[in-house]
Amino acid sequence: MAKSSASAIRNMCSTNLVSQHAPINRQMTASSFLRLLRRGGAIAVLGSAMVLAGCSSGEAPGLGEQGYVGGFFGGVASDEPNASLAAREVLTVGGSAADAAVSLAFALGVTMPARAGIGSHGVCLVHDANLGLTEALDFLPPKNAATPPGSPAMPTFARGMAALHARYGRLAWGGLLAPAEQLARLGHRASRATRKDLEEKWRRIASDPIALAALGTSRGTVPDGVSKWQQVELSSVLGQLRYKGAGALYTGTLLKSVFDSYEALGAGFTLEQFQNYVPVWRRPLSLEAGAHRAFVLPPPIAGGVPLGQSFGLLMAEESGPIGDSADRSAEVIKAMIAGLVDREKWVKAGEMTAEQADALLSAEHINLLAGNRQGPSKPIPGLPPIDSGSTGFVVVDREGLAVACTIGLTGGAGLGKMPRGMGFFPARQPYDDYWGSPLIIANDRTFQLYLAAAGDTGAAGFGALLTTTLRAYRDGTSLEAAISEPRLTFAPSVGVIVEADAPEAYSQGGSSLGLPVRRTAALGRINIAFCPSGLPVQPEERRCAASADPRGDGLAALAN
């Protein structure tokens, strides 16, 4: 180590503080994430509360220091390994699940730019076992006549993450964005998950010269996973958000350039609407789930109710594991159809009171839905069979705080056009109020957390989340098996969709209802954490599992 660097470290150790605004100067790996980041004596680590790991005073590590959390620290599962590792490191130094979720989400904007990023939008469910509180965070773009479906959607992601951090965060904001900025500025070797996702959408990405220059190699190809892949323009935007906060995008230094870029692409929202955008915290809906309660998103977000109703119908079934016979497959399909048919009715009715929304998941109402066999009278625009432009993730911490989010661009690579100098794709305005819903299961008396799951949007994500959670929670299947077993779903525009390797009973279930059946290679991606003993509990009783969907190349990290 150079003498100047050693001297700087000694000085930092004497003050026991590191500035969250110090520059970022080294490649991040899982092991070096919280080590000294140095160049010419400049040092940066995660947040102003974080202390240099090498500064040993003989005292026990404090919040933000490596070694602060011993034993179980929580868990994380996402569709991309680098993003999961960023979240894992936040948990190991004492960050909350919300802190880790913010770090993960911004990292996904670098590593999966065609599914996530600063231009994206989404929803989260948050459960706090200490407060006995479950909330829904809605940061979907506002609708008006000037923003028709498919037009550039207002970039609401940054303020959504800021709202999550302000309410449930523990560490400094700036440090949580440092991993994402570092991945973009210094470059990283693209993971297999990143490369596969870009390859799927490369023709669309490469058709835009600005996007190709921002994301492609010098040869105009997908990153190869060997050479470092840099996203310099994106790193500049992330740096300003890290240093100045999310407000930099809406009222600060980035406002004019971002708004002008969106306006040039045809965005219909005004400057005033952009500046005044605020995410909405909502009370989620819940229903009985055995000894506990399952929580889903409330209206006007239309995805939660069909998921909750389908889940409630199938929780009441005693017909055995999904897919064991044509009859059992048919029951799953009928439950999905019932929720979507009912959605068509209450969406037409317009705004409803909280009591009316709660009634949609009451035991009495769910029992009334059991007889539906035919699909909605018309396709649901916001429920595509498979949406490759979204991603879900879950984070839980040792204190029982859980965050389950779905974020996306409304289609792969969003608009498919990237504003000059920004490094991220704008999302398209959603086509409907339907949006994929995360799911959380917790006890309404002890407030312990039992399950958190989130996935991509569309009918594929709906079916994947429903079947996986039922297998793990209702049927007692191991989480590894539950997330790996074949899936099926119902899409109004297609009929029944079944995975290619599923037993014939899956297809027969759809055929028995007179519905067309189509097979596909893989159906949806979800990420899930399941704690059969609940969280938090006594350390010796902790038994949790987390899993990233094997249909992708993500990563789940959990320590017991």
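The legends below describe close-up views of a predicted model. Residues are numbered from 1 along each chain as its sequence is written, and side-chain values use heavy atoms, with hydrogens and water left out. In this predicted model, local features need pLDDT of at least 70 and side-chain atom pairs count only at pLDDT 80 or more, whereas totals for chains, interfaces and linings use all residues.

**View 1. Three strands form an open sheet with mixed pairing, in the order β13-β14-β15.** Helices (H or I, at least four residues) and strands (E, at least two) are DSSP runs, numbered from the N terminus; two strands pair if DSSP finds at least two bridges between them. The edges are β13 (488-491) and β15 (517-520), each with a single partner strand, so one side of each lacks a neighbour in the sheet. Neighbouring strands here are turned by 30 degrees against each other on average, direction ignored. Axes are lines fitted to C-alpha atoms, for helices over the stretch in contact, and angles run from 0 to 180 degrees between N-to-C directions.

**View 2. β13 and β14 form a hairpin with three residues between them.** β13 runs antiparallel to β14 (residues 495-499), and four bridges join the two strands. L488 has V498 of β14 as its bridge partner, and A491 stands opposite G495 in β14. Five of the five residues of β14 are buried, where buried means under 20% relative accessible area, exposed over 50%, and partly exposed in between (1.4 Å probe, protein chains only). Helix α13 (residues 326-348) lies across β13 and β14 at about 35 degrees to β13; contact means heavy atoms within 4.5 Å.

**View 3. A right-handed β-α-β unit is made by β14, helix α18 (residues 504-511) and β15.** A crossover is right-handed if, with the strands pointing away from the viewer, the path from the first strand over the helix to the second runs clockwise. β14 and β15 run parallel and are joined by four bridges. E499 stands opposite T520 in β15.

**View 4. Six strands form an open sheet with antiparallel pairing, in the order β7-β8-β11-β12-β16-β17.** At the edges stand β7 (285-289) and β17 (545-548); each has a single partner strand, so one side of each is left without a neighbour in the sheet. The twist from one strand to the next averages 15 degrees. Helix α12 (residues 304-315) packs on the sheet and touches β7, β8 (292-296) and β11, with its direction at about 10 degrees to that of β7. Helix α16 (residues 458-474) lies across β7, β8, β11, β12 and β16 (526-535), at about 25 degrees to β16. Four bridges pair β11 (residues 439-442) with β12 (residues 449-455) in the antiparallel sense, and I440 stands opposite A452 in β12.

**View 5. T410 lies in the loop between β10 (401-408) and β11.** T410 is buried, with a relative accessible area of 10%. The side chains of T410 and H121 are joined by a polar contact of 3.1 Å. A polar contact is a pair of N or O atoms within 3.5 Å; within protein, one must be able to donate a hydrogen and the other to accept it, and residues adjacent in sequence count only if both atoms are side-chain atoms. Not counting residues up to four places away in sequence, T410 touches H121, G389, R428, Q429, P430, Y431 and W435.
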